[in-house]
Amino acid sequence: MGSSSFAAGAGDPPPIPSARLGTADAPVRPLLLWVRTGAAHVRLDGGPALHLKTGEGVWIPAGGWAERAITTEPGTVAFPLWPHAGVGARGSSEPTRFDVPSGWQDWLIQLFNLQVTPFSGRGYSPEAIEELLRRPGPRSSAPADPSSAGFASPAMPRARGARAVAEELMRDPALDLTVEQWASRVLSSARTLRRDFLADTGLTFEQWRLLCRLGAAVEFLAAGYDVDQVAARVGFASRNGLTRAFKGRFGLTPYEFGRELCAGGLTQRAAVRQSDDLIRMMRRTGTPAAPDMLPAASTPPHTNDVHVLSWIYRGSGYLDIGDQRYERERGVATWIPAGVDHVTGLRENSVSLPLGNASTGDLQLTAPLQVRFSPAWDDYLMFCSISARSVLRPDDHNPRHILGLFAEQVAAQRALSVPMPTDPRARAVAMECLRRIGEPGGTQDVDVSAHIHRAFRDETGMTLGRWRYAARMRIARDLLAGGAPPSAVARRVGYAHLPTFSAAFSRFHGLSPSDYQQRESERKQ
């Protein structure tokens, strides 16, 4: 049994709307909110708002506030986490702001996944979050080290394609692709990519990548790696190349930096990206040290009542159904069929997120359906996951909106229910009708020529109008057989009123929708 696979996400993703989480939605537990991109605002008991921007977070202990309101601005991806009540018990009873170092971000994203799915992951002890609370936030009174600025990571570009490239390089600075190769990966052009890096960061792509690699080198040196190991891990061809670049940037050779670090002279500067604290924390909790900080994870064998959509954000994974293994790569979203016993797994240094569910009435699925999204979709898909599996979501959130991203795939499935013309232009019209089948009157305004009308009559035995009617009724039949209530089926095939749909269905199938559904249910028993 092979899965269907399609390319998707080639265009721009939809805009990310604002979202909110109110007191009525928030569990009475400690809440950690951090902003991956954009801006969020937190207000407690009508007091002054805490404003968080990219890379910042806030810890809100349990209880003590009658009102907790969180809002995000359009374009924002903010992750809420609810670790168990004991976390932070030894810390402040007041909200605590903190910075989220880049090395922590994928760890926190995967922790969100582990909290909202059946995945189990050794090494993700929630107590590790207490380390974040020791990181002073932007309003801390902790003295700043003026010499630390030179060790900070370069500014991140804002343009989607350039940001996707920058995030990949932050995760793996040793990646050695040309600008042309990077542009191809993010569906951009080399010229646009270079322009966006320069406009957003003030640095050429090559300059930005060099600073990214040197920032990573600081982390590894602080963690105790030797210079040869660091050179290989951050993308330098030789120890000498790293030494020249490092000294040109920081005024010290990597060896001198390590020596002063051991002596205590650079401890605070090296902590700008805060990897040393992270590594010490990981060693205390028994988790592998960075960069191998994301252990493998898997679910126990289980069955879902609904189809579940799971997306690989980083690394790779797999889906096992019986003795069949389906590989899952970076950027691939997989619909896991309902009613099928399965195991999903993630390999080391991999991250996945659930994007949403679909009922058996919404989607007829017997085998996994896979769709590939470009990195430009990362932020939007993360927002979809947060909206699907937490109460931080838009006011008009529609759980079924995720199906819209698969319009082509759903239309292809629907095509299995009706005879399709083979003429390319007629087939294109048929697919457009199937994509818009749920819009009241939405299939009537498809512009067609006499040639297409003739192709429908010759190749399907039906006029285009009769074919549209047959398509709606056969899709309605499949949805009813899947257990969807007649009122919902009526809406999904474009009927505003149930009586009108029932009359049309009875004319076509010789049974009312409810009688047809009852007959199919009896057949399955």
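This is a predicted model: local features need pLDDT of at least 70, side-chain atom pairs count only at pLDDT 80 or more; totals for chains, interfaces and linings use all residues.
User: Which residues make the contact between α1 and α12?
Analyst: Contact means heavy atoms within 4.5 Å. From α12 come M382, S385, I386 and R389. From α1 come I109, F112 and V116.

User: How do the residues of the contact of α1 with α12 divide into nonpolar, polar and charged?
Analyst: Ala, Val, Leu, Ile, Met, Phe, Trp, Tyr, Cys and Pro count as nonpolar, Asp, Glu, Lys and Arg as charged, and the others, Gly among them, as polar. By that sorting, the contact of α1 with α12 has five nonpolar, one polar and one charged.

User: At what angle do α1 and α12 pack?
Analyst: Axes are lines fitted to C-alpha atoms, for helices over the stretch in contact, and angles run from 0 to 180 degrees between N-to-C directions. Helix α1 covers residues 102-116. Its axis and that of α12 are 11 Å apart, and the angle is about 35°.

User: What is the relative accessible area of S385?
Analyst: S385 lies in helix α12. Not counting residues up to four places away in sequence, S385 touches F112, L353, P354 and L355. It is buried (under 20% relative accessible area; exposed is over 50%, partly exposed in between; 1.4 Å probe, protein chains only), and its value is 0%.

User: How many salt bridges does the structure hold?
Analyst: A salt bridge is a side-chain nitrogen of Lys or Arg within 4 Å of a carboxyl oxygen of Asp or Glu. Side chains of opposite charge can pair when their charged atoms come close. Here the number of salt bridges is 16.

User: How many residues apart are R36 and E167, which form a salt bridge?
Analyst: The closest N and O atoms of R36 and E167 are 2.8 Å apart. R36 sits in strand β3 (residues 31-37) and E167 in helix α3 (residues 160-171), so the pair links distant parts of the chain. Both ends are buried, R36 at 2% relative accessible area and E167 at 9%.

User: How many residues apart are D379 and R36?
Analyst: D379 also forms a salt bridge with R36, with 2.2 Å between the closest N and O atoms. The pair links distant parts of the chain, with D379 in helix α12 (residues 378-389) and R36 in strand β3. Both residues are buried. The gap between D379 and R36 is 343 residues.

User: Which residues are linked in a network of salt bridges with R36?
Analyst: R36 pairs with E167. D379 pairs with R36 as well. The network of salt bridges joins R36 to R163, E167 and D379.

User: Which helices hold R239 and D228?
Analyst: The side chains of R239 and D228 meet in a salt bridge, 3.5 Å from N to O. The pair ties together parts 11 residues apart in sequence, because R239 lies in α8 (residues 239-250) and D228 in α7 (residues 227-234). R239 is partly exposed at 38%, and so is D228 at 45%. The helices of R239 and D228 are α8 and α7.

User: What separates the C-alpha atoms of A183 and L193?
Analyst: A183 lies in helix α4 (residues 179-185) and is buried, at 2% relative accessible area. Leaving aside neighbours within four places in sequence, A183 is in contact with S188, S189, A190 and L193. A183 and L193 are 10 residues apart along the chain, and their C-alpha atoms are separated by 6.5 Å.

User: In which loop is N349 found?
Analyst: Phi of N349 is near 65°, a positive value in a residue other than glycine. N349 is buried, with a relative accessible area of 17%. Its loop lies between β15 (343-346) and β16 (351-358).

User: What share of the residues in the chain is buried?
Analyst: The chain comes to 19 helices and 17 strands. Among contacts between residues at least 6 apart in sequence, 73% join residues at least 24 apart. Of the 525 residues, the buried share is 53%.

Terms used:
Residues are numbered from 1 along each chain as its sequence is written. Side-chain values use heavy atoms; hydrogens and water are left out. Helices (H or I, at least four residues) and strands (E, at least two) are DSSP runs, numbered from the N terminus.
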